[in-house]
Amino acid sequence: MSEPQSLETIVAVVAPYLGETMARASVSAHCRKLGINHGQASGPQIEALIEKLALGLNIFLGRTKTGAVVDEIRKALASRGSAA
Amino acid sequence: MKLSPADVFHGTFAAAAALVFLPQPFWAASPLYTQLLTEPVLLRLGAPTKLLFLFLGALFAWRSARLFEPGNPVRPTWMFLAVGITGFFLGQATLAFYQLVLGVAVPFPSLADVFFLLAYPLLILGFVTAILAYEKVGFPIGTSSERWALALLAGIVFAMAGVYVLRPILAAPISPLERFLNAAYPALDLVILVPVLILMRIALRFRGGSVVRVWTAVLLGFCFMCVGDVLFAYFSGMGQERLGSLVDLMFVWAYISVSRGAVEQHRLLTS
């Protein structure tokens, strides 16, 4: 799976909570801060991005539900990775 | 958008309240309002409805606060909102005690005013801590200076509106305590509208997501509350008490909306 697709996968999982626009804006903003350019992210950068998004989700969903969403992101990334 | 059972429950009460209270000022002389939905009946419908939704709002705000783990930046937000809404519940319960149990006109000022006035600072703290939480977790919600500029602009506009709203109240031939309280409610409403406006702007950036439903409902509730307070001040000042059912409708909608937001937050945490 190409890296921009990883970011799309992450956006797709968090969009039902944050809305499509905020999900994309959040991923873009965190990518800039983490030095992810043109969607080219390493494994540790993706992990850091997920952690940053989890901090935001935590104020709406609480720790337990955020943990479940983070698991969902990881599963979606893994399944897409194995499908690619 | 799929409606949840909570949407249907709150929506049904909101629609029923509109059907009952909205036509009253216009058809006050009709048999519907002179024989069936008389003022005492409207009171018996309105007061328990307000209490029910304030109770639900306080309960679910408190349960949400407890579900957010210690250290979560919005835990204080929901605690302040829960205690603030409880203050409104106690205020309304005091009014209902005079009106429904004792069957007398509510004295002014009364114990209810103590509860209402204590609730405002807590609600303002709730909204301010929510804004700080959004900033802290790094959502792209604009810059801090943009929010300060909006607060300043809103503050100036509301201060000008406040002068207009408060002038007749301050000039009324009433006791200093009554004058203070009559002025305090619209003034506090205008103060609370500043963080409400900032939060509304932030919440709209989450449109399309489930989280936006929490804050739009809570904030819409406080907008209805402000409209209700301003209408009350004006109708009282103009001696148009017959328009009081519109004020009641604003408060019923306000409390339904706040309850809807708190229930939705709880559902997000537990579903």
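Reader: How many residues does the contact take from chain B and from chain A?

Author: Happy to start there. This is a predicted model, and in it the contact takes 21 residues from chain B and 21 residues from chain A. On the side of chain B that touches chain A, α8 (211–238) and α9 (244–270) each supply at least two residues. By class, that side of chain B has 13 nonpolar, five polar and three charged residues.

Reader: Now the helices. At what angle do α5 and α7 of chain B pack?

Author: The general idea comes first: two packed helices are described by the angle between their axes and the distance between the axes. Here, helix α5 (residues 111–136) and helix α7 (residues 176–204) of chain B pack at about 20°, and their axes are 10 Å apart. Because of that angle, α5(B) counts as roughly parallel to α7(B). The crossing of α5(B) past α7(B) is left-handed.

Reader: Which residues make the contact between α5(B) and α7(B)?

Author: From α5(B) they include B:L117, B:L123 and B:F127, and from α7(B) they include B:L188, B:V191 and B:I198. The residues of this contact divide into 19 nonpolar, no polar and one charged.

Reader: And how many helices and strands are there in chain A?

Author: Chain A has three helices and zero strands, and its elements run α-α-α from the N terminus on.

Reader: What radius of gyration does chain A have?

Author: Chain A has 12 Å, which agrees with a compact globule, because a globule of 84 residues would have a radius of gyration near 12 Å. Its C-alpha atoms fill a box of roughly 30 × 25 × 20 Å along the principal axes. Of the 84 residues of chain A, 35% count as buried.

Technical notes:
Residues are numbered from 1 along each chain as its sequence is written. Chains are lettered from A and ligands numbered from 1 in the order in which they are written. This is a predicted model: local features need pLDDT of at least 70, side-chain atom pairs count only at pLDDT 80 or more; totals for chains, interfaces and linings use all residues. Axes are lines fitted to C-alpha atoms, for helices over the stretch in contact, and angles run from 0 to 180 degrees between N-to-C directions. Helices (H or I, at least four residues) and strands (E, at least two) are DSSP runs, numbered from the N terminus. Angles under 35 degrees count as roughly parallel, over 145 as roughly antiparallel, 65 to 115 as roughly perpendicular and the rest as oblique. A crossing is left-handed if the near helix is turned anticlockwise from the far one by less than a right angle, and right-handed if clockwise. Two residues are in contact if their C-beta atoms, placed from the backbone, lie within 7 Å. Ala, Val, Leu, Ile, Met, Phe, Trp, Tyr, Cys and Pro count as nonpolar, Asp, Glu, Lys and Arg as charged, and the others, Gly among them, as polar. The radius of gyration is taken over C-alpha atoms; the globule rule is 2.2 Å times the number of residues to the power 0.38. A residue is buried if 20 or more other C-beta atoms lie within 10 Å of its own, exposed if 12 or fewer, and partly exposed in between; C-beta atoms are placed from the backbone.
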